[in-house]
Amino acid sequence: MSQSFDEISAQLRRRHRKSARLKWISMGALGLAGLFLVLFFTDMMIKGLPAFQQAQVQVEVDYSERASQLPLAAVQEDVRPLVSRGYLRLIPGRMNDNPELLGTTRMEWVLADGQVDQYLKGHHSRLSASEQEVVDRLQAEGRAELRFNTTFFSNGDSKMPELAGIASAAMGTVLTLLVTLAVSFPIGVMTAVYLEEFAPDNRVTQLIEININNLAAIPSILFGLLGLAIFINFFGVPRSSPVVGGLTLALMTLPVIIIATRTALRSVPDSIRHAAFGVGCSRWQVVRDHVLPLALPGIMTGSIIGLAQAMGETAPLIIVGMVAFIPDVTSSFTEAATVLPAQIFTWAGEPDRAFIEKTSGGILVLLAVLITLNATAVVLRKKFERRW
């Protein structure tokens, strides 16, 4: 039975209303996600930016024989609680390295205690009333101020918040990612080339493809358990070292690189292969000289994204012991090390409020690196992308 014009118009209006509702719901979900993202970054900026400033005080430092035996005697008693204990511990070493300092008294800007830093930033501190008066007097005289926190970028971890930095974690991250890249990139690319260009389409290769896709979706902590069982317990790789961390992350990154490489190889038109076969090239020559160069931008993009994902992982590295206390910057692939995510995890568990700033500051640094890596991947894709 045919419908009237009014019935058809009513149906169209209902469809249009449903479409409009779906559109507004979708836009609302996108706006809500954007709002959460803005709130997240705003909260991180508010909490993290103070970590890039550190309190310093100008005091009179007495390089005497007594100070070489008792570093606390190097500064006057009224300002002694305001100076970082870590700085005072360095005074005997400075006199040993520079004998001309012995017997001199100098006005120097020195690192302040973490509680002074919190007080100058307007946060709650454990300074007594008399100590706060001294800080106020020094600030009024221009002898107490907040300066750029170079210690945050030059020092390793420390139990004193004013001395804690990300240098050792940053170096451990670099060494770990070098191992990850050296292992996962060649194996992943060669595996993808074989599966896409050489392997026959049978049940064995289909089973391999299914397992690769499944590996890309399993929780990362399982790779940590695998790394613990294979690399540490079976092969005896040093625990907490960049080698074991890099190998563990390489296992996690391999499926991502394989899938990205296969996608890039599939994007190369078959006409390129047919033309190469037509002039007498072997299959390996076709892949080496024609297919791989054209697929390389996509391969590099997928690899960078995979490394960025591995850089942000914490769970598998906790399992293999890369949450160690590392005060010194390591330069060896086999020495104990930590990475930025694990360092942030450690600081987040510290009871001192000053470590909240360190945690947020570390997150800002990590986010900056991850955003840079992902932006690099996008730029490379846009620059070298070809449309066939």
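Trainee: In this predicted model, which residues lie nearest the centre of the second largest pocket?

Mentor: The second largest pocket of this predicted model has a lining of 16 residues, and its volume is about 320 Å³. Within that lining, the residues that lie nearest the centre are Leu 90, Leu 111, Thr 151, Asn 155 and Leu 163.

Trainee: Which element supplies the largest share of the lining of the second largest pocket?

Mentor: By class, the lining of the second largest pocket divides into seven nonpolar, seven polar and two charged residues. Helix H3 (85-97), strand S2 (104-111) and helix H6 (151-154) each supply at least two residues of that lining. The largest share amounts to three residues, and the element that supplies them is H3.

Trainee: Which element gives the most to the lining of the second largest cavity?

Mentor: The second largest cavity, with a volume of about 40 Å³, is lined by residues including Thr 173, Thr 176, Leu 177, Leu 249 and Ala 310. The elements that contribute two or more residues to its lining are H7 and helix H12 (283-311), and by class the lining has seven nonpolar, two polar and one charged residues. With three residues, the element that gives the most is H7.

Trainee: Is Ser 184 buried or exposed?

Mentor: Ser 184 is found in helix H7, which spans residues 167-198. Leaving aside neighbours within four places in sequence, Ser 184 is in contact with Val 189, Ala 250, Thr 253, Leu 254 and Ile 257. Because its relative accessibility is 0%, and the class requires a value under 20%, Ser 184 counts as buried.

Trainee: What distance separates the backbone oxygen of Thr 180 from a polar atom of the side chain of Ser 184?

Mentor: Thr 180 also has its place in helix H7, and with a relative accessible area of 0% Thr 180 is buried. Not counting residues up to four places away in sequence, Thr 180 touches Phe 185, Gly 246, Leu 249, Ala 250, Thr 253 and Leu 307. From the backbone oxygen of Thr 180 to a polar atom of the Ser 184 side chain, the distance is 2.6 Å.

Trainee: How does the accessibility of Val 183 classify that residue, and what is the class called?

Mentor: Val 183 is found in helix H7, and, leaving aside neighbours within four places in sequence, Val 183 is in contact with Leu 247 and Ala 250. Its relative accessibility is 24%, so Val 183 counts as partly exposed.

Technical notes
Residues are numbered from 1 along each chain as its sequence is written. This is a predicted model: local features need pLDDT of at least 70, side-chain atom pairs count only at pLDDT 80 or more; totals for chains, interfaces and linings use all residues. Side-chain values use heavy atoms; hydrogens and water are left out. Helices (H or I, at least four residues) and strands (E, at least two) are DSSP runs, numbered from the N terminus. Buried means under 20% relative accessible area, exposed over 50%, partly exposed in between (1.4 Å probe, protein chains only). Contact means heavy atoms within 4.5 Å. A polar contact is a pair of N or O atoms within 3.5 Å; within protein, one must be able to donate a hydrogen and the other to accept it, and residues adjacent in sequence count only if both atoms are side-chain atoms. On a 1 Å grid over the protein atoms alone, a cavity is a set of points where a 1.4 Å probe fits but cannot get out, and a pocket is an open set with protein on both sides within 12 Å along at least five of seven lines; lining residues have an atom within 4 Å of a point. Grid points are joined across faces, edges and corners, and a volume is the space filled by probe spheres set on the points. Ala, Val, Leu, Ile, Met, Phe, Trp, Tyr, Cys and Pro count as nonpolar, Asp, Glu, Lys and Arg as charged, and the others, Gly among them, as polar.
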